[in-house]
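My entries follow in the order I worked.

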Amino acid sequence: MKKDTFYITTPIYYPSGKLHIGHSYTTVAADTMARYKRMQGYDVMFLTGTDEHGQKIEDRAKEAGVTPKAFVDDIVSGIKDMWKLLNISYDKFIRTTDPEHVACVQKIFKQLYDQGDIYKGTYKGLYCTPCESFWTESQLKDGKCPDCGREVTAAEEEAYFLKLSKYADRLVEYYETHPDFIQPASRKNEMLNNFIKPGLEDLCVSRTSFSWGIPVTFDPGHVVYVWLDALSNYISALGYNSDDDSLYQKFWPADIHLVGKEIVRFHTIVWPIMLMALGLPLPEKVYGHGWLLLEGGKMSKSKGNVVDPVVLCQRYGVDAIRYYLLREIPFGSDGVFTNEALIGRINSDLANDLGNLVSRTAAMVGKYFGGVLPAERLAGDFDEDLITQAKAVKIALEEALDKLEFSTALTELFALISRANKYIDETAPWALAKDENNKARLGAVLYNLCETLRVAAVLIAPFLPETAGKIRETLGGDDSMYTWESAGDWGLLKAGMPIAKLPPIFPRIDVEKELAELEAINPAASAAHEAAAGKAEKEKPANVASLSQITIDDFAKVELRTAVITACEPVKKSKKLLKLTLDDGSGQPRTVASGISPWYKPEELVGHTIVLVANLKPAKLCGVESCGMILAADGPEDTVKVLFADGLPAGCAIH
């Protein structure tokens, strides 16, 4: 019997700060799968949420002068806004502070204790607070946390332990009999070689050194370890161990847990053993995808290299960002985020190929047939190739998506779009239109283009839902023409349907101008910052050998000098830019636009001496000609600090 439900989850996010584009990567992928399965007719449960307990949250709340609950409430609101902006169609958003979740976790903990799978002891070992992870000495990398590279601290406290060691052999057997359980397959080897074969140690599952967590009901002073708490969300969200477990009965076991590779260990060792101990079925698949990297390192708020998805969506549109995340990087592998690659994808794939195809097709129907889909059609050369490819792409897309190969799926779809653009060149509708005798042939060409766009609108919907809607708005038609199954059919558009000409779906971007504006908006990602080979991390000093190294000749090309800010005012067309007038010692005033308005008021800057990149090529930013760039550094909590050189006169060379 074919299963008619589909349960997909993302990791529940730890609300210790602002989300970055790397977090969005996982959720956009999960949303695409959820939309795809819904279109196929599955009853889908798409779960996401927030993991709100732990020492790090308690510490951050204390620093902010608020309660932990107030601290997470504010951040969770922002996360929900982010998912709304990115068009995330989740079915349930769970918070680990939800009363139903708390009750479920307490029952799970008590059951495991009562049956002897949890016991009391003393924890003495190493703990990474940012990762909320316990480590043995042998698991450390260069004496630091192997996940984040930060310092670990020695910890000793009374605690409860989960008997992972009891289930080690059973877990290995499960891996062997369920080869698709961990994907990609390389993650399984990592779990076996790094954690299980060296000897699986029992896991500390309670803490007494802080209080922000789910209380252990039978032992006051203990709170449940954040990972046992967090992992339980996948079943607590379905009503497991509650008065109404109908969702659990319907959707469990999960079809896919999508997780970042840094937390595969918890999802493929701790979580399966918890389920085995509870006597529950395991999820069908845990997929550990790679990281989005920036300048060779993992995106991290604490490292100051966060890329804000809100800014990107505001500039380029939500679907452009979704497309880049899904198309640029093969899912499962690490990938590097760059502004250049993002703009390149938008211009080449979305503007030149897809957007141009929609605009040209609608414009030609408008020009040659008064905006109405032609009835008179005559088959000719090149039709069969286009139609065959259009009818076949659905199957290719399904094969790729069922393996979570999002990039491959989009490659297949855009191959059809490229073929349609080539079809325009091959058939030359503008030449056909010159002779009235060719009207039937011209009608067939334009009908085939419109029908290709209908197929594309269906297949692109899971990836780019807004774009699919705009194509459908152009073509018109009822819901029956845009079902998933209809993408394998041909000839559903009807003669006489009006074809609308809409504004360009994806306008082209002026690359040079846009890159300059992005550098001004985000000083941390500027060209000068990159030329300096990255900034040192506060918690983890950079390994010099791992930096992108330059020669002394490269550095000599950058002319740094001191300059005094003589005037400063906001740039009217921008929320982030300030227009600085500088005395650089040359005798002529210099203007620089800098994206530091969120952190400095104009009057605070006048009179200060700064360090200027004096030989940067001028660029026009929001109407202001910017001749150079001032140096700034990322501070904690998403702050930016201008590097002042007060006390030095204008024009001093910096060596």
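**Cavities.** I found 1 cavity of 30 Å³ or more. I worked on a 1 Å grid over the protein atoms alone, where a cavity is a set of points that a 1.4 Å probe fits but cannot leave, and lining residues have an atom within 4 Å of a point. Points are joined across faces, edges and corners, and a volume is the space filled by probe spheres set on them. The largest cavity holds about 50 Å³. I listed its lining as V358, S359, A362, T474, A500, K501, L502, P503, P504 and I505. Helix α13 (residues 339-369) gives the largest share of that lining, 3 residues. By class I get 7 nonpolar, 2 polar and 1 charged. Here Ala, Val, Leu, Ile, Met, Phe, Trp, Tyr, Cys and Pro are nonpolar, Asp, Glu, Lys and Arg are charged, and the others, Gly among them, are polar.

**Ground rules.** I noted that the model is predicted: local features need pLDDT of at least 70, side-chain atom pairs count only at pLDDT 80 or more, and totals for chains, interfaces and linings use all residues. Numbering starts from 1 along each chain as its sequence is written, and side-chain values use heavy atoms, without hydrogens or water.

**Whole chain.** I have 22 helices and 25 strands in the chain. These are DSSP runs numbered from the N terminus: helices are H or I of at least four residues, strands E of at least two. The C-alpha atoms fill a box of roughly 90 × 80 × 40 Å along the principal axes.

**Sheet.** I traced an open sheet of 6 strands, with parallel pairing, in the order β3-β2-β1-β11-β12-β7. The edge strands are β3 (92-95) and β7 (182-183), each pairing on one side only. Two strands pair if DSSP finds at least two bridges between them. β7 pairs with β12 (residues 286-289) in the parallel sense over 2 bridges. In that pair, Q183 stands opposite Y287 of β12. Helix α10 (residues 264-278) packs on the sheet and touches β7, β11 (256-260) and β12. Contact means heavy atoms within 4.5 Å. The direction of α10 makes about 135° with that of β11. Axes are lines fitted to C-alpha atoms, for helices over the stretch in contact, and angles run from 0 to 180 degrees between N-to-C directions.

**Backbone.** I checked Q183 again: a cis peptide bond joins Q183 to P184, with omega about -10°. P184 sits in the loop between β7 and α6 (185-196). The bond from W252 to P253 is also cis, with omega near 10°.

Definitions and conventions:
On a 1 Å grid over the protein atoms alone, a cavity is a set of points where a 1.4 Å probe fits but cannot get out, and a pocket is an open set with protein on both sides within 12 Å along at least five of seven lines; lining residues have an atom within 4 Å of a point.
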